[in-house]
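The following exercises ask the reader to work from strand pairing to helix packing and then to the nonpolar core.

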Amino acid sequence: MSTQKAEMIDVHEWEAEESNEDRKTKRDLMVTKVERSAEKNEGNKVYVRGMLKKGATDTKKHKCAGAYVWYSVKQDPQTNDKMYDHEERSEWEDRAPNWQKIMTTAIGDSGTVERRKMKKLIGDDLKTLHPSIVKACEEDLEAFETEEVAKSTNKRPKMRIKSYTIGLCEVQLGDDEAYNDHMKNLHGVTTQVSSKKLKSNIYPDLDTISGGGGVEKVLTELGPTLKVISHTNGKHVPISKLQAQPGKRKWRWVLKT
Ligand SMILES: [Zn+2]
């Protein structure tokens with residue numbers, strides 16, 4: 001099992017910044033990162049600004065359980081050689097691998113990419129990368145290095161992966177079509193969610209509950225939601241808004257058992 005840990009970043013963190021200027025700077029940086037990821041995964045970067053809009057993580061029918069992965073590179077051995085002073089370093093930071101096929105394996109019975117299955121790829125801690133993701137990064141670097149070497153007339157040290165970064169996608173989508181579009185355009189993953197197929201809209205995992213432990217399971221599932229609410233940095237989310245969600249009926253049933 002891989003022990004490659006990624007540093008976790010908050011894709012939607014810009015929203016919590018106090019000043020307009022900081023918000024804009026942070027958001028622009030994130031747009032660049034997510035655009036790279038979307039492009040590498042055969043998505044469409046035109047959709048990136050929309051998914052980083054204010055309110056994109058507000059509670060809606062579908063919560064994306066996908067993630068973004070980046071890696072940064074260094075030269076090994078490190079060198080202080082002057083010839084590298086003029087290199088284009090920005091291309092070495094936050095490179096995105098293509099892992100659309102890997103994320104596709106996290107599609108569950110609900111037809112959506114499920115957090116439970118994503119944990120097999122990014123660990124229970126949501127930052128331990130599966131060997132297949134590490135391999136995707138290494139393959140991407142290999143192709144990049146081949147290009148770089150071809151451009152350079154000088155002999156140069158090998159490139160190695162310096163670090164990995166992961167960002168959970170917390171975008172929420174209002175209907176099935178919007179969900180499928182998001183998965184395709186941002187993650188390059190083809191989902192075919194339709195309301196008939198979907199058992200529980202917000203908490204698909206709850207369908208597996210039989211008998212005891214139900215309430216505990218609900219609280220476990222609710223945890224991330226509460227975190228998201230607290231994360232909105234003082235923005236008040238009225239309880240009526242939460243109760244108005246399609247998952248409501250399921251909840252009552254669960255609490256009674
Ligand atoms: Zn997403």
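The exercises below concern a predicted model, and each is followed by a worked solution.

**Exercise 1. Determine the strand order of the sheet and identify its edges.**

Solution. 

Step 1. Begin with the pairs. Strand β1 (residues 7-9) pairs with β4 in the parallel sense over 3 bridges. β3 and β4 pair in the antiparallel sense over 10 bridges.

Step 2. Locate individual bridges. The partner of E7 in β4 is T165. For V69 the bridge partner in β4 is I166, and for D76 it is K158.

Step 3. Assemble the order. The 3 strands form an open sheet, β1-β4-β3, with mixed pairing. β1 and β3 each have a single partner strand and stand at the edges, so one side of each has no neighbour in the sheet. On average, neighbouring strands are turned by 35° against each other, direction ignored.

**Exercise 2. Describe how α5 packs on the sheet and which of its residues are buried or exposed.**

Solution. 

Step 1. α5 has 21 residues and spans 30 Å from its first C-alpha to its last, close to the 30 Å expected at 1.5 Å a residue.

Step 2. Sort the residues. I133, A136, C137 and L141 are the buried residues of α5. Seen down the helix axis, the buried residues fall within an arc of 130°, so they line one face of α5. The other side of α5 carries the exposed residues P131, E139, E142, A143, T146 and A150.

Step 3. K135 lies 9.6 Å from W99, C-alpha to C-alpha, although 36 residues separate them in sequence.

Step 4. Identify the cover. The elements over the buried residues of α5 include β3, α3, α4 and β4. Against the sheet, α5 touches β3 and β4, and its direction makes about 135° with that of β4.

**Exercise 3. Which residues have the most contacts inside the largest nonpolar core, and which element gives the most to it?**

Solution. 

Step 1. Define the core. It has 40 residues, and those with the most contacts inside it are A67, Y68, V69 and C169.

Step 2. Assign elements. Those giving two or more residues to this core are α1 (20-40), α2 (48-51), β3 (67-76), α4 (115-122), α5 (131-151), β4 (158-168) and α6 (176-187). β3 gives the most, with 6 residues.

Step 3. Follow one residue. Leaving aside residues up to four places away in sequence, Y68 touches V11, V34, S37, I166, G167 and C169.

Terms used. Residues are numbered from 1 along each chain as its sequence is written. This is a predicted model: local features need pLDDT of at least 70, side-chain atom pairs count only at pLDDT 80 or more; totals for chains, interfaces and linings use all residues. A nonpolar core is a set of buried Ala, Val, Leu, Ile, Met, Phe, Trp, Tyr and Cys residues joined through C-beta atoms within 7 Å. A residue is buried if 20 or more other C-beta atoms lie within 10 Å of its own, exposed if 12 or fewer, and partly exposed in between; C-beta atoms are placed from the backbone. Helices (H or I, at least four residues) and strands (E, at least two) are DSSP runs, numbered from the N terminus. Two residues are in contact if their C-beta atoms, placed from the backbone, lie within 7 Å. Two strands pair if DSSP finds at least two bridges between them. Axes are lines fitted to C-alpha atoms, for helices over the stretch in contact, and angles run from 0 to 180 degrees between N-to-C directions. The expected span of a helix is 1.5 Å times one less than its number of residues. The arc is that of the directions from the helix axis to the C-beta atoms.
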